[in-house]
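Let's take a friendly tour of a protein model. Have the sequence and the 3D view ready as you read.

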Amino acid sequence: MNADITGHHAGPHVVVAGGGIAGLAAAHRLALAGHRVTLLEADGRLGGKLLAGEIAGAPVDLGAESLLARRPEAVALARAVGLGDRLQAPATTTASVWSRGELVPMPKGHVMGVPGDPAAVGGLLSAEGVRRIGGDLELPPTEIGEDIAIGAYVAARMGHEVVDRLVEPLLGGVYAGDAHRISMKAAVPALFEAARVHPTLTAAVHAVQRAGAATPADAAGAATGLGGSVFLGIDGGIGTLPGAVADAVRAAGGEILTGTPVTALIRTGATGWQVVTRDRTFDADAVVLATPAGIAAGLLDGHAPDAAAELDAIDYASMALVTLAFRRADVPALEGSGFLVPPVDGHTVKASTFSAQKWQWVADGAPDLFVLRTSVGRHGEEEQVHREDSDLVDASLKDLAAATGLSARPVASTVTRWIGGLPQYPVGHLARVARVRAAVAALPGLRLAGAAYDGVGIPACIASAHRAADEIIATSKRTDPGAGHSL
């Protein structure tokens, strides 16, 4: 094995394992701070779950398609790497729920599907379901302890129907998980904290809504310069962000290698590391593991076995995206940006996004086409994701016809699978993450980042990357930078 000592900076050498948006954001932060950075990505491309592509000549995202604008991290990173003028608010944000055979407008005034006013969900729930929501006010306070499953808690307070018809489809779009397993503390932290101090769930929802009104959408919009949109896209696709960040890392002197999986970590001295790949070994002063939890577990097993065991227990869900292009003239009038599907109704698709209506850049890229996509797969539904492409396309067309009346055949289709793409956040997830971080903190110069820890959204992944990078930067400032080998 040969040690790699090349680089543009004289500062400490940090190796980042993983070239998804978290790894790229960490590398960017470290390179701008003067560190010598090498990023190693196992796959042949960068970006992880962010992937720009095309269908029938139309540009489209084949992975994540929007970022939360009310958090600053993703918007700031996009601007820092030259994409600020390409940030774009959705052309429409009006969505529906395909429930009991009807497309019903998504109710307003809810917090992740939990309503503050029973009347607001009257078009979606049965009369009995609406009455059951009001029963929350008559129940004694619920002791929720250190964590609780959001589905179980909401069902106990407001009934199963609001979970089945609203909470499940909304959470399913984020985590592809089961609301009766997902941690309320991790998935909806503001509601969890409010529920701990208010006597009813309704009062907790109102408290969250009041807090949101104190920092209204127009204030968030002023911060982004793009109005009050909760979500933003990028002209050309969210999938263009990884390449722009990678270019910025290289411009700052960083090295990026794809097709280079890390196979082992070796301790060198008190604080250094050797990062082993199939062909090379890199000497590093610090390491950021921005890989899926299972890969991080394998690399940490000999150094922090307790952390490795915790990481190895993190479960993942798979999903598939079916992207379809139709002749625009063949598509009936469709409302809004798409629809969500309650799993209780037993359909194959869990959501559909009308990309050509939601994003102006998609419509402009192919004016004669109507591009949409469906998503398939929830936790425990691996068999759905692994169906033949043609089966997934046919199942999507069947559900689209039933939901919208769209009967045309597409001129093109593509299926993108994200196997093990979404980490699950069950009850106790944040406590597990805290235990992992405490164990890893005993390893000088090693930090973790990615979707497995503090949130699966793009801003949350970037925030975890910045946390890891900043801790390494802070440690390096307390040592002699001239040594070049110790953190």
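Strands S7 and S12 run antiparallel and are joined by two bridges. Here a strand is a DSSP run of type E with at least two residues, and strands are numbered from the N terminus. Two strands count as paired if DSSP finds at least two bridges between them. One place to look is Gln-88, whose bridge partner in S12 is Gly-233.

On to the next pairing: S6 is also joined to strand S12 (residues 231–234) by two bridges, again antiparallel. Within S12, Phe-231 is the bridge partner of Leu-68, and Leu-232 is the bridge partner of Leu-67. Put together, the three strands make an open sheet in the order S6-S12-S7. Strand S6 (67–68) and strand S7 (87–88) are the edge strands, each pairing on one side only. Strands of a sheet pair through backbone hydrogen bonds, either parallel or antiparallel.

## How to read the model

This is a predicted model, in which local features need pLDDT of at least 70 and side-chain atom pairs count only at pLDDT 80 or more, while totals for chains, interfaces and linings use all residues. Residues are numbered from 1 along each chain as its sequence is written, and side-chain values use heavy atoms, leaving out hydrogens and water.

How much area is buried between domain 1 and domain 2? The value is about 570 Å², with 74% from carbon and sulfur atoms. Buried area is the accessible area (1.4 Å probe) that two parts lose on being put together, summed over both. On the domain 1 side, Val-427, Leu-430 and Val-456 supply 68% of the area buried against domain 2, more than any other three residues.

## Salt bridges

The structure holds 19 salt bridges, each a side-chain nitrogen of Lys or Arg within 4 Å of a carboxyl oxygen of Asp or Glu. Across the interface of domain 1 and domain 2, however, the rule finds zero.

Glu-161 lies in helix H5 (residues 160–175), and Arg-100 in the loop between strand S8 (95–99) and strand S9 (102–105), 61 residues apart. A helix here is a DSSP run of type H or I with at least four residues.
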